[in-house]
Amino acid sequence: MTFSSAARWAIYVTGEKRWRCFADWPPPEAEPIPYFFHSEGRANSSYGDGALSRTTPTGEPVDVFTYDPMFAIPSLGGQSCCYDFISPMGPADQGPAEKLNGVLCYTTAALAEELLLVGEPSVTLYAATSAVDTDWTARLCEVSADGTSTNIKAGIVRARSRDSLSDPTLVAPHTVVRYEIALGPIGVLVPAGHRLRVTISRSDFPHWDRNLNTGGPLFREGITQSIVATQTVLHDATYPSSITLPVVRRAT
């Protein structure tokens, strides 16, 4: 491939199987478009009623799940924390995790036309927990026509570090907090007929160390000291949880 002299950034776009060049990063061509979470209060698992769309939510019930650190949601693909035989890397079928009630799934309708995503997506999550500290994970997936859900990118935020890594502060239980979850850089062409899915959960283990929900000192407590937390995700006019996707209008 020949790179333009004006290009400072090049990224390989999966699904398109080609390199694309951009003058800056994130690409100025990428339009940040929000897709909002929706449900009737039963977004638990891929069998639930969670939806993802451009429509701003109005009055909708919350989605609720429990987080027991003794039963963490397993890592399936993505970036590796350690060794591939412990946590395999790359794209993987997310079906086993998405069948669990501790995973909220918000899915678009089948795309009417292909969608080129290049940039850094992020999730804005309005959520509450019964604990003083917990984790929130977000994963962007592509769902093929046969229903297979494959990970694109994932991120996590620890509640106590929501505002600062160097100056953590615990949260007030049962209080709605806004979290920003960065997913990192992506370049993917999603074909027409496929769908996009965002999953929200409590852990992604062992990719990330599980939170014991106690608010205690990190890495000094054992798993037997963990507590079970009730997690609530909101998506309404006041608390419009969403994912912002970097959409590039295709010129070629």
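Guide: Let us begin with the charged pairs: in this predicted model, the count of salt bridges comes to 10.

Visitor: Why is the contact of E16 and R18 called a salt bridge?

Guide: The side chains of E16 and R18 come to 3.9 Å, N to O, and a salt bridge asks for such a nitrogen within 4 Å of a carboxyl oxygen, so the pair qualifies. E16 and R18 also belong, together with R20, to a network of salt bridges.

Visitor: What makes E16 buried or exposed, and what about R18?

Guide: E16 has 16% relative accessibility, and buried means under 20%, so E16 counts as buried. R18, at 33%, falls between the cut-offs of 20% and 50% and therefore counts as partly exposed.

Visitor: How do you know that D135 and R158 form a salt bridge?

Guide: Their closest N and O atoms are 2.7 Å apart, which is within the 4 Å that the term requires, so the name applies. The pair links distant parts of the chain, with D135 in strand β9 and R158 in strand β10, 23 residues apart, and both D135 and R158 are buried.

Visitor: Why is it said that R139 and D204 tie together parts of the chain?

Guide: The side chains of R139 and D204 meet in a salt bridge at 2.5 Å, N to O. Because R139 lies in strand β9 and D204 in the loop between β13 and β14, the pair joins parts that are 65 residues apart in sequence. Both R139 and D204 are buried.

Definitions and conventions: Residues are numbered from 1 along each chain as its sequence is written. This is a predicted model: local features need pLDDT of at least 70, side-chain atom pairs count only at pLDDT 80 or more; totals for chains, interfaces and linings use all residues. Side-chain values use heavy atoms; hydrogens and water are left out. Buried means under 20% relative accessible area, exposed over 50%, partly exposed in between (1.4 Å probe, protein chains only). Helices (H or I, at least four residues) and strands (E, at least two) are DSSP runs, numbered from the N terminus.
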